[in-house]
Amino acid sequence: MSTVRTRFAPSPTGYMHIGGMRTALFNWLWARHNGGQFILRIDDTDQERNLSEALGPILQAFKWLGLNWDEGPEVEGEYGPYFQSERNDLYRAAVDQLLAEGKAYRCYETPEEIQADREAAQNEKRNYLNLRRSLELTESEKEQYEAEGRPSVVRLLVPRDQKIQIDDAVRGHVEFDAGLMPDPVILRGNGTPLYNLATVIDDAQMKITHVIRAEEHLSNTPVQVLIFQALGYDLPVFAHIPFVAAPGGKEKLSKRKLDKYRKSPQFKKMFDKAEAVFPRIGLENAGGLDPVMVEYYEKIGYLPEAILNALARLGWSLDDKTEIMSLDKIVENFTLDRIVKSAAGLDPDKLLSFQSHWMNQLSLEEKVAHCSPYLQKAGLVKDAGDPATRQRISQVIVGMEDRLKVASDILDFDEFFVADDQLEYDEKNFKKRIQNSEEAVPLLEKIKNRLANADDFHAEALDKLLHDFVEAEGIGMGQIIHALRAAVSGKGTGIGMFDCLAILGKESCVKRIERAITLSQSE
RNA sequence: GGCCCCAUCGUCUAGUUAGGCCCAGGACAUCGGGUUUUCAUCCCGAAAACAGGGGUUCAAAUCCCCUUGGGGUCACCA
């Protein structure tokens, strides 16, 4: 059997779509599973954009996730060029061949004529088919048209008596009636190729064996099959995988529907997270990032392992119970026959659960490395490499335990990084736990003194100190712990109380308690 | 509207190709209980689905037909 070659062909849009990434992943997986090659080819026939700006984020997404490509931009390869804009001669040659063999024809009909034909068909409730008027033209008429400079396109001459059979690796046998298909334009008036032509020529000449793509392409597969056949190429194996749907629905995930997603309960938390995190790390307007883009996940602190695991499980499964899989394990087990047929909604909760798992697999050092940049960008630490700072970050991360899910979660624990007189108090919690509590202030005074005189400020010693305290006072732990937490951290929840005190250190704890007492009495 | 695809818990899925091992298994989310004298975690438990209707068969989530529902696509976009 020949080497498996798969490809992903993004158009440079300036961002990498998370659904597109899933398609790319399946292609990559299939190539790697078979020891074959994965090719990246750029569909840049629409040349209006600045290519490097538009392509950069896409390549970056692949690099971030660790999905390497064997041929394509930056690495090249023997079937290049890998930019469609540089392959025009190839397309023109193929069109000339089709024209010469009578498998395609020049069409001189105007857009207005075609539009009128379409409407007529619509009115009569019949399927639209080209009238093929240009086929009736005599040679001299054609010459005259060319001499006049009349615009024309090249259309594929669809053999209307055929049934087109596709044996799809995911969908099975699918049949289309060519008698229902209008002749598709394959070359524009300006001489540039259309997608269906370019993709077929590229796939054939790059020796792609498996075309794995989203199912919205299923309906233009018959056109492509016809082009493959007209050009005398062997058909690749097609595998039309379900698209990634928006959370809580079956509609294709699309950047055009962002406003709708913002209101979706399932999606809302992802937007909320962006609003909470991005402005703090210097990205105004969330940096133009949203959860449809792969970059959103990178910037908010997801791990490649989590994204890959979640994406692989969207429309594919290993068996009846395995959820957590490393990329190696997925590569080892990935087969086309285990791809699901129906569209699957991206589930933010499940993604977060994968993320939580993979974050927990990291060593403390790795966690520190992931979290530190957030603190630094938010201006909470000056130099994360400084030993004392690094020590503080490590301690907080240890204390956070499973509360650390995405790397930017560290920002929720900013109380450990702000100056004592800059600490902000959650107003509601402060009122409840300190201001409106009769016993809070006297108890805080007492515990402050005890803490100030403590010899040992480690968590275990503080644990004992607090227990001795409540016993001496004849109160319950709950009576002091909430007020104490509010005073030193400003918040109602956080890491374990004793760890919290120990990390802050004696001096900070005392100062913060004093400040809280003063604040509670000033209003 | 034409053509095409799809249909199992709220969600992602196992089971459908080779009908019986499935009064349907797992995971996420949810709810309840326990641990943590705070929060999160963790542990235990609960609730939760074969879209509907006809067949075929001793036996159907699984095969056939119809209906319904959802989605994709109908460009000189990709």
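Trainee: Which polar backbone atom lies 3.1 Å from a phosphate oxygen of RNA strand B?
Mentor: This is a predicted model, in which local features need pLDDT of at least 70, side-chain atom pairs count only at pLDDT 80 or more, and totals for chains, interfaces and linings use all residues. Residues are numbered from 1 along each chain as its sequence is written, chains are lettered from A and ligands numbered from 1 in the order in which they are written, and side-chain values use heavy atoms, without hydrogens and water. A polar contact is a pair of N or O atoms within 3.5 Å, and the backbone atom at 3.1 Å from the phosphate oxygen belongs to Gly345.

Trainee: Which element gives the largest share of the surface near RNA strand B?
Mentor: A residue is near the strand if one of its heavy atoms lies within 4 Å of it. Helices (H or I, at least four residues) and strands (E, at least two) are DSSP runs, numbered from the N terminus. Elements that give two or more residues include strand S11 (344-345) and helix H13 (348-361). The largest share, 4 residues, comes from H19.

Trainee: How far is a phosphate oxygen of RNA strand B from an N or O atom in the side chain of Arg188?
Mentor: Arg188 is among the closest of the 56 residues that surround RNA strand B. The distance from its side-chain N or O atom to the phosphate oxygen is 2.3 Å.

Trainee: What share of the atoms of RNA strand B within 4 Å of the protein belongs to sugar or phosphate?
Mentor: These atoms divide between sugar or phosphate and bases. The share of sugar or phosphate is 70%.

Note on methods: Polar contact = N/O pair within 3.5 Å; in protein donor to acceptor, adjacent residues only side chain to side chain.
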